[in-house]
Amino acid sequence: MKNFLAFDLGASSGRGIIGKLENGKLTLTEVHRFANGPTEQGGSIYWNYPQLVEELKTGLKKALAIEPALDGIGIDTWGVDYVFFSNTTGRFLRWPYHYRDVRTGNAENDVWSKISKQELYGHTGIQCMTLNTVYQLAAHFREHPEDFKDSHFLTMPDALARALGGDDTSEYTDCSTTNLLDPVTKEWDWEVIDRVGLPREVFPKIVKPCTFGGTLSEELQRELGCGPIPIIKVGSHDTASAVGAVPAPTSGNWAYISAGTWALLGAEIDEPLRTAASEKESFTNEGGLDGKIRFLTNIMGSWLFQETRRNWREQKDPELSFAEMERMALASEPCRYLINPNDASFVTPGDMPQRISDFCADHGEGAIVDDGAVVRAIYDSLALYFRCKLETLASLLGVKYQCLNVVGGGTKDGLLMQLTADALNIPVVAGPVEATAIGNLLAQAMATGAVKDLAAARQVVKDSFEVRTYRPNEAMHALYNGEIERFKSLAK
């Protein structure tokens, strides 16, 4: 029997989960949950790094109260963000910027004046998004060059692990989201870094997932009354961990969506694909477990629901639930209004219902007159966008998919899962919900030898967790077929 502690941090919340691995089955016990989100200071938005560290310590204390003998600790988070540390004092230099901070608004042009957008994709295989680390670092260097002197940065999960005793390295899957990594060598692309004008000395050493990355600090051992606990490099980008926990079929072709604030739709491939077509379609080559490439595209996902609910809870109903929003959508006419879920106007926090209404008014969809229509527009548009992106993925890779595996918190939204099956006309296999934490835990198990490899890890998932299969509704599929061209004209 092995016991591991996974810290899984998303853009809106974090959790600490103990995984007990025994006789080929994994059981989960949540020990700590906490809110996360952007903090505004001086016109910029940041992550509250000190508070996140304290939440990890609280979670560790709670975990030890339940299971005093932990065999490892692993941390995964969202990608692209980072923390700078002083080489002299070891302290962090400033709160880490949030990837939605507006400072990157004109950073693309700064970078592209030194290396073209096409060249950058040819080097790194990462789709162009203003939140990518390359643009963040360029903006950071322009505004605060002092932060790059006698210092180094760590990607977010390893910056958090460092506070517990982790080493000064960053793990490959998270580094792959920076737009600064060579996906073939799996090392920093120094040509890109030099051309962008970033100093080499601030970049950390890259290490593989499923390896050891330090030990709980002696200070924390004394404080918590425990012994040395290994800190393990997992698939520290949350999507890498989530995809590692996909209960993939052993035969046939499958694609996945890791569904959360972002919906990451893609497939596992062995080598990066960096063609003009894949660049045009905004597909990206990120790192996965077992040397795999996660060939995927980013879709706005539950962010649209989250921001809509936040606004209505502030303005109308403090108790509004996602379940009530689902009922509102079911009571509304399907496909009456459609939007482009990835429109730039939806990226930053704000009045999402008004932005959706404005999009519809500006794109010939008409004026939205009730709240249910807003929610239904999100549902139908996400389902149709998933269909378009899956068709593109199939075309790029020359593959026909027999099923779509969806993992993560988004699988709790049964209406979205059903409408996705309706739009795609293939089964949607939904679950497990806690895929990211499960992938984190199984990566620790692989590092310690408790699980042999990725295939064995996925078998543990199948043996341990129930999933639900949604099958297409013929009438809804016909409706979506009739609206697909209209949707494509909006989602260009």
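**Exercise 1. The surroundings of helix α3**

Identify the elements against which the buried residues of α3 pack.

*Solution.* Step 1: the partners of these buried residues are α2 (107–112), α4 (133–143), β10 (181–182), α7 (190–196), α10 (276–280) and β17 (284–287). Contact requires heavy atoms within 4.5 Å; helices (H or I, at least four residues) and strands (E, at least two) are DSSP runs numbered from the N terminus.

The model is predicted: local features require pLDDT of at least 70 and side-chain atom pairs pLDDT 80 or more, whereas totals for chains, interfaces and linings use all residues. Residues are numbered from 1 along each chain as its sequence is written, and side-chain values use heavy atoms, with hydrogens and water left out.

Step 2: the residues of α3 (residues 117–124) that are buried are Leu120, Tyr121, His123 and Thr124. Viewed down the axis of α3, these residues fall within an arc of 160°, so they line one face of the helix; the arc is that of the directions from the helix axis to the C-beta atoms. Buried denotes under 20% relative accessible area, exposed over 50%, and partly exposed in between (1.4 Å probe, protein chains only).

Step 3: beyond the helix comes Gly125, with a positive phi near 70°.

**Exercise 2. The crossing of α11 and α13**

Determine how the axes of α11 and α13 are arranged and which residues make the contact.

*Solution.* Step 1: the axes of α11 (residues 303–315) and α13 (residues 352–362) come within 7 Å of each other and cross at roughly 115°. Axes are lines fitted to C-alpha atoms, for helices over the stretch in contact, with angles from 0 to 180 degrees between N-to-C directions.

Step 2: α11 contributes Trp303, Leu304, Glu307, Thr308, Asn311 and Trp312 to the contact, while α13 contributes Met352, Pro353 and Ile356.

Step 3: by class, the residues of this contact are six nonpolar, two polar and one charged. Nonpolar covers Ala, Val, Leu, Ile, Met, Phe, Trp, Tyr, Cys and Pro; charged covers Asp, Glu, Lys and Arg; the others, Gly among them, are polar.

**Exercise 3. Cavities and a pocket**

Describe the largest cavity, the second largest cavity and the second largest pocket.

*Solution.* Step 1: the structure contains six cavities of 30 Å³ or more. On a 1 Å grid over the protein atoms alone, a cavity is a set of points where a 1.4 Å probe fits but cannot get out, a pocket is an open set with protein on both sides within 12 Å along at least five of seven lines, and lining residues have an atom within 4 Å of a point. Points are joined across faces, edges and corners, and a volume is the space filled by probe spheres set on them.

Step 2: the largest cavity holds about 50 Å³ of space. Its lining consists of Ile75, Pro157, Asp158, Ala161, Ile231, Ile232, Lys233, Val234 and Ser236. Both α5 (156–164) and β14 (230–233) supply at least two of the lining residues, and the classes are six nonpolar, one polar and two charged.

Step 3: the second largest cavity holds about 40 Å³. Residues lining the second largest cavity include Ala259, Gly301, Phe386 and Leu416. This lining has five nonpolar and four polar residues, with no charged residues.

Step 4: the second largest pocket has a volume of about 1000 Å³. Of its 41 lining residues, Gln127, Cys128, Ser282, Asn342 and Tyr385 are the closest to its centre. Two or more lining residues come from each of α3, α10, β18 (293–299), α14 (371–397) and α18 (474–490), and α14 gives the most, five residues. The lining comprises 17 nonpolar, 13 polar and eleven charged residues.

**Exercise 4. Backbone geometry in loops**

Locate Asp150, Asp290 and Pro432, and state the backbone feature of each.

*Solution.* Step 1: for reference, most residues other than glycine have a negative phi, and most peptide bonds are trans.

Step 2: Asp150, in the loop between α4 and β8 (151–155), has a positive phi near 50°. Asp150 is partly exposed, at 46% relative accessible area.

Step 3: Asp290 lies in the loop between β17 and β18 and has a positive phi of about 60°. With a relative accessible area of 56%, Asp290 is exposed.

Step 4: Pro432 belongs to the loop between β20 (428–430) and α16 (435–448). The peptide bond from Gly431 to Pro432 is cis, with omega near 5°.
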